[in-house]
Amino acid sequence: MAKPDPARRAALGLIVGVLEDHLSLADQIAMDALDGLSPGEKARAQRLATSTLRHMERADKMLKPFLRRKPTPDIMALLRLATVELCAEGGAAHGVVDAAVTLCKSGGKRTDSFAGLVNAVLRKVAEDTARWETLPYGQLPGWLRGRLMSSYGKVAVQKMEEAHQRPAPVDISVKENPADWAERLEGEVLPTGSVRLHQPGQIRDLPGFAEGDWWVQDAAASLAAKALAPSAGMRVLDLCAAPGGKTMQLAAMGAEVTALDLSERRLQRLHENLERCKLTATVIAADALGWEPEAPFDAILLDAPCSATGTIRRHPELPAIKDSTSIKGLFALQEEILERAMGWLAPEGRLTYVTCSLLPEEGETQIRRALERHPDWEVVPVTIDGIDPAWITEEGGLRLRPDYWADKGGMDGFYIATLRRRPQ
C-alpha cells in the first residue's frame, strides 16, 4: 500500500484538532503536532490546514449533493481538505483523490471502510469544480456576526467576511530604508511605512532575516508603537508583550523597553527575535494583575488580551474554537489591566491601548468607560502618516478592519487609542 503524504496527514490532524478538540493551530504546533516533518512539509501542512478551515463552509456546500449523510468527523475533515485542494488550491484531480484515498486506508479499521465513499465523492467533486465559484463566501458564526452587524451594518460585515476568504499577506517592519527593502524583497511600501511582500517564500531564507534587519509584523499591528511614538531614551513598558513585534519596534525607536508577559513559552520567541535583530529589552515573565513596577514609566503600550477576532483571515480556526461564552470574561480583564496600567504612568506619560479585536466592547467602549472613570484624562489625537481619516473613531481612537486596503490585500482588525492626563 502506498504511504500517505506526510504533509497532508499532518494537515488533517490539525483540522481535526481544531474541530474536535477546539485547539488553535498555534497551540497544536506548540504541542509538537508537526514534529518529524521537514521545514517544507511543515509549511505545506499549515497552509493546507489554514486554507481548509478558511473555506470550510464552501467545502461543505460543495460536498452536500454527494453525501446522503455526514460521515464521521475525521472522514468529513478529509473530504473538506481534498475538496479545498481541488477547488480552491487548483490541485490535480488524480493526485488529490488518490492521496485522500491513501490517507483514508492508512487509518486502520476505523477509516479504511470509508475509502470507497471518499473515492466516489471526490471524483464527483473533481468533475464539478466550476460550481465552486458560484457558492457564497462563508459567514461568521451567529454570535459574532450579530454583534458586528449591530456595530458596523450588514454591508461592512459582508466586506469583512469577503476579506476573511483571502490569505493574509506577509508584512515586515524594517529598521531603516523601507523603500530599499521593498525593492530588494520584491514588495511594496505601504502608506504607513510597512513593507508588504508579494512572493515571500520561506521567510528565514530571505535577505536580511538572519541579519536582523527586519521582522514579520502585520501593518495594522505596527501602528500601535507608532501611535505611542516614544522618544529615544524614554522608559517604556510593553505590557502583554509576546511574541514581541511591538517590543522590537519600541527598542528600534531608541526606547528603554521593559517587556512583560504572562507566558514564558511565548517570551522565548521574543528573546530569540531580540537577539536576531540585535535589539535590547528587559524581559519579565509575570502576571500583569499581580506585578508592580519599581518606578513609573514615561509611556506604556498595552496590547490587552482579547478575542482576536481581528485576525480571523490569519487564523481562520478562531470561529470554530471560540463562542460568546469564551469572550465574556475578557471585557472585565481588559478594564482591570487598563486601570492598573494607567496607575503606572509618570504624570506626563501616555498609554496606548490596543486590541486585535473587531468588537467595540474591547475597544471603543473600553476607552469611553476609562474616560468616564477618569475625567482628567483625554485621548491623544492620531497623527500617524498614511492612515485614512475615516478610520478615526468618535472618541479619537483608530479602528482598523480586514476590509480596509482591500486593493492592497487588507490588514488585520485592530483598535488603537492613546491616553494621557489633560494638561494643567
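## Surface, spaces and backbone of a predicted model

Arg 204, Arg 265, Arg 266 and Arg 269 together form a positive surface patch. The structure described here is a predicted model.

### Pocket and cavity

Rolling a probe the size of a water molecule over the atoms shows where empty space is left. The second largest pocket holds about 390 Å³ of space. Its lining consists of 18 residues, and those nearest the centre of this pocket are Leu 53, Arg 54, Glu 57, Gln 139 and Pro 319. Two or more lining residues come from each of helix H3 (39-54), helix H4 (56-63), helix H10 (154-164) and helix H15 (318-321). Among these elements, H4 gives the most to the lining of the second largest pocket, with four residues.

The model also has one cavity of 30 Å³ or more. The largest cavity contains about 40 Å³ of space. Its lining is made up of Trp 143, Leu 144, Ser 307, Thr 309, Ile 312, Leu 318, Pro 319 and Lys 322. At least two residues of this lining are supplied by helix H9 (142-152), and at least two by H15.

| Space | Volume |
|---|---|
| Second largest pocket | about 390 Å³ |
| Largest cavity | about 40 Å³ |

### Backbone features

Ala 242 and Pro 243 are joined by a cis peptide bond, with omega of about 10 degrees. Pro 243 sits in the loop between strand E5 (235-239) and helix H13 (245-252).

Glu 186 has a phi near 55 degrees, which is a positive value in a residue other than glycine. Glu 186 lies in the loop between helix H11 (178-184) and strand E2 (187-189).

Conventions:
Residues are numbered from 1 along each chain as its sequence is written. This is a predicted model: local features need pLDDT of at least 70, side-chain atom pairs count only at pLDDT 80 or more; totals for chains, interfaces and linings use all residues. Side-chain values use heavy atoms; hydrogens and water are left out. Patches are made of residues with over 30% relative accessible area and no salt bridge: like charges are joined within 9 Å, nonpolar side chains (Val, Leu, Ile, Met, Phe, Trp, Tyr) within 5 Å. Accessible areas come from the Shrake-Rupley method with a 1.4 Å probe; for residues, only the protein chains shown count as cover. A salt bridge is a side-chain nitrogen of Lys or Arg within 4 Å of a carboxyl oxygen of Asp or Glu. Lys and Arg count as positive and Asp and Glu as negative; His and the chain ends are not counted. The place of a charge is taken as NZ of Lys, CZ of Arg, CG of Asp or CD of Glu. On a 1 Å grid over the protein atoms alone, a cavity is a set of points where a 1.4 Å probe fits but cannot get out, and a pocket is an open set with protein on both sides within 12 Å along at least five of seven lines; lining residues have an atom within 4 Å of a point. Grid points are joined across faces, edges and corners, and a volume is the space filled by probe spheres set on the points.
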